[in-house]
Amino acid sequence: MPSFDIVSEVDIQEVRNAVDQAKREVSTRFDFKGTKCSFELKDAEVTLKGEQEFQLQQMMDILRQKMVKRKVDIACMDIKDPETTLNAATQKVLIKQGIETDTARKMVKKIKGSKLKVQAQIQGDQVRVTGKNRDDLQQVIALFKQEEFDLPLKYINFRD
């Protein structure tokens, strides 16, 4: 039976490259000269450190630009609120990997509500869709491209 998997994954190497490029730009920009602004990438979490909150906003814009240039979907970024003290400000950005269970349930419900002759099941952090007809699977992909789930979705392992 034909099947494919719906996943939400981000290439961490491309995120690392984007963070490195953002570091380079911050170190060379005139408005950041003499400041203690930095980016740190640890696992799937980017930490922005600056002296004031408006610098964090500028750094976030730089990070977004670099991620878009590296073809990383910025929908995977879970931006936390900035934390400020008297002389420093930090902000964390989590890189979301995988599909959460609640979102996966919504996806399965959407597939069942579409009345297509396919079956969907949740397998860990991905959703597997199987059907007898290849065209039905392509209709599911088209359905999900129209829908907004706040995740960068990919369709992999398409098998006949």
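Which residues form one aromatic cluster? In this predicted model, the cluster consists of Phe4, Tyr155 and Phe158. The count of aromatic pairs comes to 2. In one of them, the ring centres of Phe4 and Tyr155 are 6.1 Å apart and the planes stand at 70°, so this pair is edge-to-face. Phe4 belongs to strand 1 (residues 3-7) and Tyr155 to strand 9 (residues 154-159), so the pair ties together parts 151 residues apart in sequence. Phe4 also pairs with Phe158, and here the rings are stacked, at 5.9 Å centre to centre with 20° between the planes.

Phe4 is buried, because its relative accessible area is 1%. Tyr155, at 24%, counts as partly exposed, and Phe158 is partly exposed with 34%.

Two lysines deserve a look at the backbone. Most residues other than glycine have a negative phi. Lys71, however, has a positive phi near 60°; Lys71 sits in the loop between helix 2 (53-69) and strand 4 (77-79). Its relative accessibility of 75% makes Lys71 exposed. Lys115 has a positive phi as well, near 65°, and lies in the loop between helix 3 (101-113) and strand 7 (118-123). Lys115 is exposed, with a relative accessible area of 73%.

Notes: Residues numbered from 1 in each chain as written. Predicted model: local features only at pLDDT ≥ 70, side-chain atom pairs only at ≥ 80, totals over all residues. Heavy atoms only, no water. Helix = DSSP H or I, 4+ residues; strand = E, 2+ residues; numbered from the N terminus. Buried < 20%, exposed > 50% of the residue type's maximum accessible area, 1.4 Å probe, protein only. Phe/Tyr/Trp six-rings, centres within 6.5 Å; stacked < 30°, edge-to-face > 60°.
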